[in-house]
Every structure is written in structure tokens, then in C-alpha cells.
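Please consult the sequence and the coordinates while reading.

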Amino acid sequence: MSKVSQAQQTKKESEFRKYYAILRDIIKVYYKPDLDLDDPMEYNIPRMVERAMAKIGGYLYVDEAHCDFLDGSDGKTATITRNPQKKTHPNFHTLTISNTISQGGTVKGDLRVVVYNDVTEQLEYFFIPKSDILALSTFPKKQPPQIHATYNSKTGLVPKLEKYRMPDFVSLCKQPSTCMEIEVTLDPCLLMMSSTMENANVCVN
């Protein structure tokens, strides 16, 4: 098997484990208890997570760009990778929350994030207020803005995001939105500058 094929297979297996955990711990508990666990890939799991959030949180599901809910917040899923970042740092694993800022550079609302930890095969939860999203985000070349963090499997912590950690899914859903405030907008020139600085290795995660 080629390296590309192996990487694709590894990604597919990780996604299966992620969707299985979400289906088991969230969807069947809070949204659709009768769903079958045998093949989680046949379901639109991200959409179901958003629906479950709206149901538990008590806000309407609107499914707009960067704003899934009427309270202005946005639901996301992400993954902590099973393989370490480097062989020399076996306890460090990558967590990426993608598409955190709109193409126009606007932070529209808080992020309610369900993270699948592929090391522990468990779910973790983070509520990131919109006021902090811009500072936390990086701007990779040819990719949407993202929040890039590191999980330490020895401590069980994501240092960059620990202050946003929620104890469980219900707490994540019920956390009051901060989105009634003024939108935070990144100047397009700064967006380009951030990307350039990253390419020059000036921006450090």
C-alpha cells in the first residue's frame, strides 16, 4: 500500500471511530435513541450533532454560514490525532478546529466544539467565545483559518484551550451565548499579513 493510500485509510478509520463515539455518546442519548450503531458512516453525524445541540440548548437551528443557531453560535466537531506530532515528542498530538473565521474575515459567533480524542477514544467539549477566536486562530496558506492546538497525552490536557473546556455535552449546549455583542472583524490586509508571517515562520502556535 502506498503512503497516500495508507494515510487515506488511517483517516477513514479515525473518522469511523469518531462518528461511532459521537453516535454512541451524543446522538443516541440526546437526539435519536433508535439509530443503529453498526454503521455510523451512513449518517450525517455533524448535522445531527448540531440538531442535538439545538435541542438540548433550547435555541433554534438555522444552519447559516458560521452560525448554526439563532443565538449566533456555531457547532463544530474536531479530532485529536492518534499519531503523535513527532516521534521525538510521543505525548504531543494535534488538534485542529477548522474554518473558524469567515472568508471575509468576520468572527460571527461563539464555537461549541465536540472534540473526538483518538488517543483515548472519548469525546471532549469546548466552548470558545467569539471574542477569543481571532487571537486563537492561525491562517494557513490555501486553507481557511483554523485553531491549531496540542494535546498532551501524558497530562490529558490541551493547554491552549483548557480555559474553554466544558465538563459534558449538556454543559456545552447550555452555555449562554456571547453573540449579542458586536461582531469581531479582521481587516483583509491583516488576514493577508498573518498568512505571510506564517509562511515566514514568524507566527508560532
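Helices (H or I, at least four residues) and strands (E, at least two) are DSSP runs, numbered from the N terminus. This is a predicted model, in which local features need pLDDT of at least 70 and side-chain atom pairs count only at pLDDT 80 or more, while totals for chains, interfaces and linings use all residues. Residues are numbered from 1 along each chain as its sequence is written, and side-chain values use heavy atoms, with hydrogens and water left out.

Q: Where does E42 lie, and is E42 buried or exposed?
A: E42 is found in the loop between α1 (3-31) and α2 (45-57). Buried means under 20% relative accessible area, exposed over 50%, and partly exposed in between (1.4 Å probe, protein chains only). Because its relative accessibility is 54%, E42 counts as exposed.

Q: Which residue meets D71 in a salt bridge?
A: A salt bridge is a side-chain nitrogen of Lys or Arg within 4 Å of a carboxyl oxygen of Asp or Glu. The N to O distance of this bridge is 2.8 Å. The pair links distant parts of the chain, 41 residues apart, with D71 in the loop between β2 (67-69) and β3 (74-80) and its partner in strand β6. The partner of D71 is R112.

Q: Which backbone oxygen lies 3.0 Å from a polar atom of the side chain of R112?
A: R112 belongs to strand β6 (residues 111-117) and counts as buried because its relative accessibility is 0%. Its side chain reaches the backbone oxygen of L172 at 2.8 Å. The oxygen at 3.0 Å is that of Q175.

Q: With which side chain does the side chain of D110 make a polar contact?
A: D110 is located in the loop between β5 (106-107) and β6. D110 is buried yet has no salt bridge, the nearest side chain of opposite charge, R112, being 5.3 Å away. A polar contact is a pair of N or O atoms within 3.5 Å; within protein, one must be able to donate a hydrogen and the other to accept it, and residues adjacent in sequence count only if both atoms are side-chain atoms. At 2.4 Å, the side chain in contact with that of D110 is T178.

Q: How far apart in space are P129 and D110, C-alpha to C-alpha?
A: P129 sits in the loop between β7 (122-128) and α3 (130-136). Its relative accessible area is 15%, so P129 is buried. P129 and D110 are 19 residues apart in sequence, and their C-alpha to C-alpha distance is 4.4 Å.

Terms used: Lys, Arg positive; Asp, Glu negative; His and termini not counted.
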